[in-house]
Amino acid sequence: MIGVLVMNASLYSATYWYILKAGRRIQGALGKEAASTRAAHRSSKTLMLFVAAFAFQWWAAALLGAWQLIATPPFLIFLGAATFSNIGGILNGSIYVIIQRKRVQEKQAANECTASVTRQVALTVNSFQQAPSNGSDKNDKK
């Protein structure tokens, strides 16, 4: 069990490190405001949620496995391992809710930005349409 925990934590960490390095490389090439840089940072932060959930879910089982190598563990450690190893669905559901809330917030921010730009364009167009003519209209030359 300890080997599985170490292997998964190592693979998650290596993936996080790769995403972080790729984001920095893109940032160096395209600048700080690159959309791909922001996406890489968002994905690495999301990945860290899964790493934290994994560690929270399996720490007790790893402790139980290590304790069993040395001596018989107390029953409380066994209960903790059984409890924490079975809450994966709750943790993954919580992460799903967090990700969906972030998506909704990003969509709302994008819609507000689009609405603001649309209002500015409409105001500009209306101001040009309502501007007084410069005397070239035939009806104004009476």
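This is a predicted model: local features need pLDDT of at least 70, side-chain atom pairs count only at pLDDT 80 or more; totals for chains, interfaces and linings use all residues.
**Figure 1. Helix α3, with its buried residues in view.** Within helix α3, which spans residues 75–85, I77, G80, A81 and S85 are buried. Why do they sit on the same side of α3? Their directions cover an arc of only 110° around the axis, which puts them on the same side of the helix. On the other side of α3, F75 and L76 are exposed.

Figure 2. How many helices and strands does the chain have? Its secondary structure comes to 4 helices and 0 strands. The chain has 142 residues, and 19% of them count as buried.

**Figure 3. A nonpolar patch on the surface.** Look for F56, W59, L63 and W67, which form a nonpolar patch on the surface. Together these residues have about 380 Å² of accessible area. F56 has its place in helix α2, which covers residues 35–70. With a relative accessible area of 41%, F56 is partly exposed, because that label is used for values between 20% and 50%. W67 is also found in helix α2. At 35% relative accessibility, W67 counts as partly exposed.

Figure 4. W67 of the nonpolar patch and I77 of helix α3 are 10 residues apart along the chain. The C-alpha atoms of W67 and I77 are separated by 9.0 Å. Which of the two is buried? I77 is one of the buried residues of α3, while W67 is partly exposed.

**Figure 5. W58 and L5, brought together by the fold.** W58 is found in helix α2. With a relative accessible area of 24%, W58 is partly exposed. Along the chain, W58 and L5 are 53 residues apart. How far apart are their C-alpha atoms in the model? The separation between the C-alpha atoms of W58 and L5 is 7.1 Å.

**Figure 6. G23 in helix α1.** You will find G23 in helix α1, made of residues 2–30. Is G23 buried or exposed? G23 has a relative accessible area of 0%, so it is buried. G23 and A39 are 16 residues apart in sequence. In space, G23 and A39 are 8.3 Å apart, taken from C-alpha to C-alpha.

**Figure 7. The largest pocket and its lining.** Rolling a probe the size of a water molecule over the atoms shows where empty space is left. In this model, the largest pocket holds about 180 Å³ of space. Which residues line the largest pocket? The lining is made of R42, K45, T46, I99, K102, R103 and E106. Helices α2 and α4 (88–129) each supply at least two residues of this lining. The largest share, 4 residues, comes from α4.

Figure 8. I95 lies in helix α4. At 4% relative accessibility, I95 counts as buried, because buried means under 20%. Its partner in this view is T46, one of the residues that line the largest pocket. I95 and T46 are 49 residues apart in sequence. From C-alpha to C-alpha, I95 and T46 are 8.5 Å apart in space.

Key:
Residues are numbered from 1 along each chain as its sequence is written. Side-chain values use heavy atoms; hydrogens and water are left out. Buried means under 20% relative accessible area, exposed over 50%, partly exposed in between (1.4 Å probe, protein chains only). The arc is that of the directions from the helix axis to the C-beta atoms. Patches are made of residues with over 30% relative accessible area and no salt bridge: like charges are joined within 9 Å, nonpolar side chains (Val, Leu, Ile, Met, Phe, Trp, Tyr) within 5 Å. Accessible areas come from the Shrake-Rupley method with a 1.4 Å probe; for residues, only the protein chains shown count as cover. A salt bridge is a side-chain nitrogen of Lys or Arg within 4 Å of a carboxyl oxygen of Asp or Glu. On a 1 Å grid over the protein atoms alone, a cavity is a set of points where a 1.4 Å probe fits but cannot get out, and a pocket is an open set with protein on both sides within 12 Å along at least five of seven lines; lining residues have an atom within 4 Å of a point. Grid points are joined across faces, edges and corners, and a volume is the space filled by probe spheres set on the points.
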